[in-house]
Protein chains: 2
Amino acid sequence: MGLAEQWEWPPTYDKSYSPPCGEPYWFRSRETMSEGAREAMILSRIQDIMAYAYENAPFYRQKWDAAGIHPSSVRSLEDFERVPPVTKAELRADQEAHPPFGSYLCVDPREVKHVHGTSGTTGRPTAFGIGRADWAAIANAHARVMWAMGIRPSDTVFVAAFFSLYMGSWGALIGAERLGARVFPFGAGTPGQTRRAIDWMRQMRPTVFYGTPSYALRIAEVAEADGIDLRDVGLRRLFFSGEPGASVPAVRARIERLYGAAVFDSGSMAEVSPWMSLGETEGSTGMLCWQDIVYTEVVSPTSFARVPYGSEGTPVYTTLERTSQPMIRLLSYDLTRWEAGPSRCGRTYPSLPQGIYGRIDDMFTIRGENIYPSAIEAALTNVAGYGGEHRILISRASAMDELTVQVEHDEHVAASPAAVDAWTTDVANKLRTVLGVRAKVIPLPSGTLERAEFKARRVVDVRNLQNTK
Amino acid sequence: MGLAEQWEWPPTYDKSYSPPCGEPYWFRSRETMSEGAREAMILSRIQDIMAYAYENAPFYRQKWDAAGIHPSSVRSLEDFERVPPVTKAELRADQEAHPPFGSYLCVDPREVKHVHGTSGTTGRPTAFGIGRADWAAIANAHARVMWAMGIRPSDTVFVAAFFSLYMGSWGALIGAERLGARVFPFGAGTPGQTRRAIDWMRQMRPTVFYGTPSYALRIAEVAEADGIDLRDVGLRRLFFSGEPGASVPAVRARIERLYGAAVFDSGSMAEVSPWMSLGETEGSTGMLCWQDIVYTEVVSPTSFARVPYGSEGTPVYTTLERTSQPMIRLLSYDLTRWEAGPSRCGRTYPSLPQGIYGRIDDMFTIRGENIYPSAIEAALTNVAGYGGEHRILISRASAMDELTVQVEHDEHVAASPAAVDAWTTDVANKLRTVLGVRAKVIPLPSGTLERAEFKARRVVDVRNLQNTK
């Protein structure tokens with residue numbers, strides 16, 4: 001293992017290190033070692049971190065004591081599966097009792113040098129406190145993942161995401177800085193900023209774009225209205241996080257077509273740093289789980305034990321580099337399926353071929369069928385004449401759940417009432433094939449529905465409103 | 001001079017250096033040396049930079065050749081006064097001819113690692129390209145200026161300004177990082193963000209606030225409407241840039257009262273890095289010109305030669321640390337008056353006791369009197385019953401210029417029509433005393449006028465609309 005790839009706890013990486021541009025791996029040995037060798041390293045790191053958290057964090061000590069688990073009893077990754085998972089609600093409650101960073105903060109509060117937080121609009125938000133060395137380790141990890149997407153120091157990275165509480169934009173920024181690329185932190189979210197983003201992209205000709213998939217589509221829509229072809233910008237790559245869209249084949253294909261550039265998905269959770277510990281690479285099928293950065297277990301949502309490769313489950317994350325607020329088995333409630341490595345890029349990490357394709361709690365059930373909003377999005381994006389936006393309404397008339405989808409059509413469909421009718425029937429048939437249940441389709445002219453400037457929220461479940469709790 | 005204070009070109013500072021917390025100066029020797037000794041150092045640096053720019057930047061070479069000035073001919077700071085100043089229009093035209101960074105870029109474009117730009121909504125914006133070493137030098141300089149405001153590693157800095165093209169927020173961020181403070185880059189500008197800023201300040205209890213004065217007042221107004229006393233947050237200091245307000249005594253007093261904390265002004269121009277090379281210190285009267293970071297000359301707007309201390313003029317800036325796009329005698333068109341040092345803080349820099357109090361091009365003339373919008377703002381902020389916002393309308397009826405000021409009053413004034421009348425007369429008399437001309441005052445209930453979320457634009461000159469050019 002190269003010197004730069006040091007495997008110490010706590011981690012401190014050489015900030016001057018950078019691989020040669022022709023080298024496909026930032027840390028070759030770590031990324032290509034056998035799964036067995038990696039798991040031995042991870043187990044040893046987990047033992048370090050659990051001992052560290054047990055000593056420094058009352059939150060973990062009390063939780064594990066209550067479960068009868070002591071760090072010294074974890075002698076295998078199978079043992080680790082019995083460590084009780086942490087939920088976001090537990091973190092929130094702990095911060096409420098121990099403000100501002102919770103009793104899972106393992107360092108002196110004076111060592112917290114960067115503060116961010118959840119953007120939740122109801123209840124107390126959760127604060128993320130990050131130490132200075134952690135911030136540097138995050139930058140290093142993001143540089144690794146971005147390097148694997150083919151991003152190099154000669155690239156210009158245009159960051160079109162909101163710089164505030166949301167972590168994705170900051171992660172892309174410090175990853176690009178650490179990698180040595182040129183970065184243009186343009187931001188997003190204020191009135192008029194989408195048009196200015198287009199102007200600046202045309203003027204500055206970035207080669208890499210970062211944002212949310214919804215916002216990339218929104219930019220493309222505004223550009224199209226102004227008669228601008230975004231393929232002329234000269235982007236080579238777009239990478240995304242914050243939403244599952246970039247792993248949805250139809251959404252990915254649409255973005256790749258509109259921008260004439262390759263799409264890479266990445267992500268994990270705001271509580272988990274780095275925030276791109278799942279990330280696609282050149283030649284990979286789906287996001288890889290960068291296990292030596294954040295140990296990801298895809299688990300059964302009931303037993304919290306790992307499911308076999310090839311199976312569906314929910315990711316549970318354990319940070320291997322974070323000293324300030326380590327996450328040890330944080331439960332995501334996301335939904336995915338994992339496969340064993342290696343990928344075509346040569347990395348031996350497990351992969352998520354379909355990305356994160358739903359949430360256990362977003363999933364809804366209509367007449368016995370489990371429906372994922374991302375499946376509806378994928379189906380609609382594939383329909384010719386789709387106008388770019390839709391809404392999913394779930395209601396209950398008498399005892400029967402009803403699924404209604406408002407779908408925008410484009411101007412070609414709008415040419416005649418008959419064309420709209422035929423298109424509506426076609427959409428309803430396609431949805432039924434994909435979902436297994438009948439959906440009522442309401443056609444709308446393109447531009448009727450509000451566009452997401454950030455993360456799209458497309459599901460309205462009115463059953464809760466209809467039933468008093 | 002301490003080792004950390006190295007005076008080399010190009011500058012490279014020890015990133016691990018930090019003074020002891022009890023030390024009032026980041027670079028003691030540089031900040032307290034005699035003016036004569038400093039000017040000798042600055043002259044030598046100017047000679048280095050002019051030679052560097054002449055060799056690397058066709059923009060400067062052509063401009064100086066046309067003026068018959070060669071770098072070797074600059075043997076004194078008086079000689080330097082004959083170097084023709086640069087205007088923003090020249091920079092814009094040069095970038096248009098030599099995209100994207102202009103022929104005043106002195107480094108290989110591949111060395112530009114951070115891109116920002118002007119936020120102008122008309123015409124081609126100007127791009128700022130900043131090299132990696134320059135970025136580090138900017139952070140170091142901002143840490144120096146913030147240290148002089150009394151900010152220390154134990155502080156938490158809440159940055160409530162938009163992270164996009166605007167440089168002030170980024171400067172506050174990297175300055176706080178370099179200084180070793182905790183930073184919470186909250187941002188600004190999106191719907192609903194002001195209330196969330198208040199919630200987060202109450203939860204995280206920052207000790208330092210950065211933003212624009214307008215936005216600090218906007219936050220205070222929203223807090224007041226919600227019955228929240230911002231003095232409970234526990235802020236010790238607020239520092240500002242982007243607008244002249246913080247140097248206006250009445251605005252400063254209002255902010256200090258609302259937040260229960262001390263106000264510090266800072267600034268310069270987006271084209272000039274660092275962006276806080278003018279900055280107040282503990283014990284200073286007005287912003288100091290940190291001459292060893294950016295050499296500031298307050299000059300006659302016609303001869304471009306320095307005016308004597310005690311006189312009014314416009315600042316011209318020369319960056320002493322920037323290698324990527326050095327600014328050499330950039331004309332600000334701002335208006336200020338400077339005084340000789342030292343200040344009570346012991347620094348020997350010249351000072352701007354009233355800050356930047358106007359712009360040569362914002363100043364307008366009514367019936368022969370020069371009027372500065374900041375003078376109107378200062379007068380109104382001092383009036384009891386002021387409702388928090390106003391607009392200045394300049395019109396021309398027949399041959400006579402008319403000055404109309406729409407002024408909001410508070411709810412106490414609104415109690416009766418007679419009270420409004422009396423208040424209006426009082427405001428008109430006060431404005432006449434301060435301005436020397438009569439202004440028509442139109443009273444409005446508080447909340448009528450739109451609030452600035454960023455920089456306030458309060459002057460509407462309709463004379464241009466009334467006269468075809």
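This note goes through a predicted model, point by point.

1. The two chains can be laid on one another: a rotation of 180° with 0.0 Å of shift along its axis superposes chain A on chain B, with an RMSD of 0.1 Å. The copies are thus related as by a two-fold rotation axis, and in chain A the C-alpha nearest that axis belongs to A:Thr190, which lies 2.6 Å from it. Both copies use the same surface, since 100% of the contact residues of chain A recur in chain B.

2. Helix H7 of chain A covers residues 167–179, and at 1.5 Å a residue its 13 residues should span 18 Å, which agrees with the 18 Å between its end C-alpha atoms. Of these 13 residues, 12 are buried, among them A:Trp170, A:Ile174 and A:Arg178. Just after H7(A), A:Gly180 takes a positive phi of about 95°.

3. Over all chains the structure holds 45 aromatic pairs. In one of them, the ring centres of A:Trp26 and A:Trp147 are 5.5 Å apart and the planes stand at 75°, so the pair is edge-to-face. This pair links distant parts of the chain, 121 residues apart, with A:Trp26 in the segment before helix H1 and A:Trp147 in helix H6; both residues are buried.

4. In chain B, the pair of B:Phe80 and B:Tyr295 is tilted, with 6.1 Å from centre to centre and 45° between the planes. B:Phe80 belongs to helix H4 and B:Tyr295 to strand S10, 215 residues apart, and both are buried. The charged end of B:Arg329 also sits over the ring of B:Phe80, 5.6 Å from its centre, while in chain A, A:Arg329 lies over the face of A:Phe80 at 5.5 Å from the ring centre.

Note on methods
Residues are numbered from 1 along each chain as its sequence is written. Chains are lettered from A and ligands numbered from 1 in the order in which they are written. This is a predicted model: local features need pLDDT of at least 70, side-chain atom pairs count only at pLDDT 80 or more; totals for chains, interfaces and linings use all residues. Side-chain values use heavy atoms; hydrogens and water are left out. Helices (H or I, at least four residues) and strands (E, at least two) are DSSP runs, numbered from the N terminus. The expected span of a helix is 1.5 Å times one less than its number of residues. Buried means under 20% relative accessible area, exposed over 50%, partly exposed in between (1.4 Å probe, protein chains only). Copies are superposed by least squares on the C-alpha atoms of residues with pLDDT of at least 70 in both. Contact means heavy atoms within 4.5 Å. Rings of Phe, Tyr and Trp (its six-membered ring) pair if their centres lie within 6.5 Å; planes under 30 degrees apart count as stacked, over 60 as edge-to-face and the rest as tilted. A charge sits over a ring if NZ of Lys or CZ of Arg is within 6 Å of the ring centre and within 35 degrees of the ring normal.
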